[in-house]
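Here is a short briefing to read alongside the model. Please keep the viewer open and follow each point as you go.

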Amino acid sequence: MGGMKRVLLLLVGSLLLTLSLSACGGTGDTGAGAASKVRTGENGDRINGADVRFATQMIPHHAQALEMVDLTTGRELSPELRSLAEQIREAQAPEIEQMTRWLTEWGEEVPATSRDHVNSGHDDGNLDQDMPGMMTTDDMGGLEAMRGAEFESMWLQMMTEHHRGAIMMARTERADGHFGAAKELAGAIIAAQEKEIAEIEALQGS
């Protein structure tokens, strides 16, 4: 009987140890699980890690597109390119403001961008390595140094690549995000930037 008791005690101890390990780390919130786990932001919004990542990355991504738009100022350019540049500015500047508000209201850190005064002219932490379509500091410097038709051709090429990266990021948010307004914004980004890529391709073929 004593032997049976010892066996039961060992089984109970093993079960308790398994449960303890599971509670401590067996369900670790990492990778895709952490991205999809829904939580409440400081303002009460129901969000997940994919929503936060979308806003955190799209802000500097959009900011670089606006930096490229800024480079068109004061140059002799085709009316079509100038119109496209202004179209991008009018769309993406308000989107940056919207995503900045979300992160602030959620209690999340708002990322620095290449257009911030403190980062002007500097490599802002190699953000280009983390997001599709981002240009390097050398890419941006090379574009700024170009003139005339060469500038226009390179600007169109770089903006196409940049837009394709933004579309990839927006599709990820559509698939993995939880916050309805962020998913809606991602859909608007996809629609607008696919349209602009078509406009760029038309310009390049003209």
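Predicted model: local features only at pLDDT ≥ 70, side-chain atom pairs only at ≥ 80, totals over all residues.

Residues are numbered from 1 along each chain as its sequence is written, and side-chain values use heavy atoms, with hydrogens and water left out.

**How H5 meets H6**

- Helix H5 covers residues 137-145 and helix H6 covers residues 148-176; helices here are DSSP runs (H or I, at least four residues), numbered from the N terminus.
- The two pack at an angle of about 150°, with their axes 9 Å apart; axes are lines fitted to C-alpha atoms over the stretch in contact, and angles run from 0 to 180 degrees between N-to-C directions.
- That angle makes H5 roughly antiparallel to H6 (the term applies to angles over 145 degrees).
- H5 passes H6 in a left-handed crossing, meaning that the near helix is turned anticlockwise from the far one by less than a right angle.
- On the H5 side, the contact (heavy atoms within 4.5 Å) is made by Asp139, Met140 and Leu143, while H6 brings Phe151, Met154, Trp155 and Met158.
- By class, this contact of H5 with H6 has 6 nonpolar, no polar and 1 charged residues; Ala, Val, Leu, Ile, Met, Phe, Trp, Tyr, Cys and Pro count as nonpolar, Asp, Glu, Lys and Arg as charged, and the others, Gly among them, as polar.

**Salt bridges around Arg89**

- The whole structure holds 6 salt bridges, each being a side-chain nitrogen of Lys or Arg within 4 Å of a carboxyl oxygen of Asp or Glu.
- One of them joins Arg89 and Asp70 at 3.1 Å, N to O.
- Arg89 lies in helix H4 (residues 79-106) and Asp70 in helix H3 (residues 49-70), so this pair ties together parts 19 residues apart in sequence.
- Arg89 also forms a salt bridge with Glu86, with the closest N and O atoms 3.4 Å apart; both lie in H4, 3 residues apart, about one turn of the helix.
- Arg89 is partly exposed at 24% relative accessibility (buried is under 20%, exposed over 50%, partly exposed in between, with a 1.4 Å probe and protein chains only).
- Asp70, at 29%, is partly exposed, and Glu86, at 34%, is partly exposed too.

**A link from H6 to H7**

- Arg171 and Glu194 meet through their side chains in a salt bridge of 2.7 Å, N to O.
- This pair links distant parts of the chain, with Arg171 in H6 and Glu194 in helix H7 (residues 180-205), 23 residues apart.
- Arg171 is partly exposed at 46%, and Glu194 is partly exposed at 37%.

Key:
Parallel < 35°, antiparallel > 145°, perpendicular 65-115°, else oblique.
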